[in-house]
Amino acid sequence: MKKLLLCSLLAAASFNSYATVVEMQTSQGTIKIDLFDQQAPKTVANFLKYIQSDAYNQTVIHRSVDDFIIQGGGFTYDEGFKAITTSAAVQNEPELSNVKGTIAMAKLGSNENSATSQWFFNLKDNSANLDIQNGGFTVFGQISTDSFAVLDTIAELVHCGEVPVVNVTKEQCASTDTVLTTANLVSINSVVVLDNDENSSVNLNPTKNTLIDTVEKPSTGGSDGGSMGWLLLPLLFAGFKRRRAA
């Protein structure tokens, strides 16, 4: 009995204690992220690989949906959106819940194992939807408390469609005469590892995804994953005049 109790305590401690720490420098402020190495090891390794290759540097936040998510990791902007080079897709790891303040992987509809470079921040508790949709969206980290203000700043910007913009009015968004540059978008200047020790953060208390096991997987197809779809993103500014940033 004592041995069983000790194992249970050690398992609980393991669940609560591990995180590599990274810092995302954006044009709207700094976002600090604790990564759940133990609960989503393949996804964390995938994310760190993109960081180590500087793939996220000078990309942009290309999607922001009010009271839902803020999404990035997929595009640079130079005379329009340009997809970054991606590696092979990573296996889905829907162990943790899409609660407020977590970061999770975006993916294509009807393919739960299609996540590559794109990620999103949950602006609220989206667990009822995203923990079960398309095999569940893999949560692999959470932001620090003081980083919420940066997400709020981005969410409060004027949006052209679902793209948050700076120094652009709603009227300009609707005009075909509007010229956008990278200065009008929320840029990710760099993403760096602050501490690669998996034990560097403690007492994070990630929320387990308890819904995924209640969903019966379809024999073919699956959820369309519409909330997280990638395919239409390059068309968002199709009606805008665009030029190279000065």
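These legends walk through some close-up views of a predicted model.

**View 1. Tyr56 and Trp119 meet edge-to-face.**
A search of the whole structure turns up eight aromatic pairs, and here is one of them. A pair of aromatic rings is described by the distance of the centres and the angle of the planes. For Tyr56 and Trp119, the centres sit 6.2 Å apart and the planes are at 80 degrees. Anything over 60 degrees counts as edge-to-face, so this pair gets that label. The two partners come from distant parts of the chain, 63 residues apart: Tyr56 is in the loop between α2 (41-52) and β3 (59-60), while Trp119 is in strand β9 (residues 119-122). Both Tyr56 and Trp119 are buried.

**View 2. Phe75 and Phe81 make another ring pair.**
With Phe75 and Phe81, the ring centres are 5.8 Å apart and the planes are at 75 degrees, so this pair is edge-to-face too. Phe75 is buried, and Phe81 is as well.

**View 3. Ring pairs build a cluster, and a lysine lies over a ring elsewhere.**
Which residues do ring pairs link into a cluster? They are Phe47, Tyr50, Tyr56, Trp119, Phe121 and Phe140. Now look at Phe137: Lys107 lies over the face of its ring, at 4.7 Å from the ring centre.

**View 4. The largest nonpolar core has 33 residues.**
In soluble globular proteins, nonpolar side chains tend to be buried together. In the largest core here, the residues that touch the most other members are Ile33, Phe47, Trp119, Phe121 and Phe140. Elements giving two or more residues to this core include β1 (20-26), β2 (29-35), β10 (139-143) and α4 (148-155). Which element supplies the largest share? That would be α2, with five residues. Zoom in on Phe140 and, leaving aside neighbours within four places in sequence, you'll find it in contact with a list of residues including Asp34, Ala40, Val44, Phe47, Met105 and Trp119. There is also a second, separate core of 12 residues, with Phe36, Ile69, Phe120 and Val139 among its members.

**View 5. Strand β2 pairs with both β1 and β10.**
β1 and β2 run antiparallel and are joined by seven bridges. They form a hairpin, with two residues between the strands.

**View 6. Strand β5 pairs with β4 and with β9.**
In a regular strand the side chains alternate between the two faces of the sheet. You can follow this along strand β5 (residues 69-72): Ile69 and Gln71 point one way, Ile70 and Gly72 point the other way, and all of them are buried. Strand β4 (residues 63-65) runs antiparallel to β5, and three bridges join the two. Val65 stands opposite Ile69 in β5. How many residues lie between β4 and β5 in their hairpin? There are three, and Asp67 in the turn has a positive phi of about 60 degrees. β5 pairs with β9 as well, antiparallel over four bridges, and Gln71 has Phe120 in β9 as its bridge partner.

**View 7. Glu79 and Asn134 have a positive phi without being glycines.**
Glu79 has a phi of about 60 degrees and is found in the loop between β6 (75-77) and β7 (81-83). Asn134 comes in at about 50 degrees, in the loop between α3 (127-130) and β10. Is Asn134 buried or exposed? It is buried, with a relative accessible area of 7%. Glu79 is partly exposed, with a relative accessible area of 44%.

**View 8. Two loop residues, Ser144 and Asp213.**
Ser144 lies in the loop between β10 and α4. With a relative accessible area of 15%, Ser144 is buried, and its side chain makes a polar contact with the side chain of Asp146 (2.6 Å). Asp213 lies in the loop between β14 and β15 (241-242). Asp213 is exposed, with a relative accessible area of 71%. Asp213 and Asp131 are 82 residues apart in sequence, and their C-alpha atoms are 9.9 Å apart in space.

How values were computed: Residues are numbered from 1 along each chain as its sequence is written. This is a predicted model: local features need pLDDT of at least 70, side-chain atom pairs count only at pLDDT 80 or more; totals for chains, interfaces and linings use all residues. Side-chain values use heavy atoms; hydrogens and water are left out. Rings of Phe, Tyr and Trp (its six-membered ring) pair if their centres lie within 6.5 Å; planes under 30 degrees apart count as stacked, over 60 as edge-to-face and the rest as tilted. Buried means under 20% relative accessible area, exposed over 50%, partly exposed in between (1.4 Å probe, protein chains only). A charge sits over a ring if NZ of Lys or CZ of Arg is within 6 Å of the ring centre and within 35 degrees of the ring normal. A nonpolar core is a set of buried Ala, Val, Leu, Ile, Met, Phe, Trp, Tyr and Cys residues joined through side-chain atoms within 4.5 Å. Contact means heavy atoms within 4.5 Å. Two strands pair if DSSP finds at least two bridges between them. A polar contact is a pair of N or O atoms within 3.5 Å; within protein, one must be able to donate a hydrogen and the other to accept it, and residues adjacent in sequence count only if both atoms are side-chain atoms.
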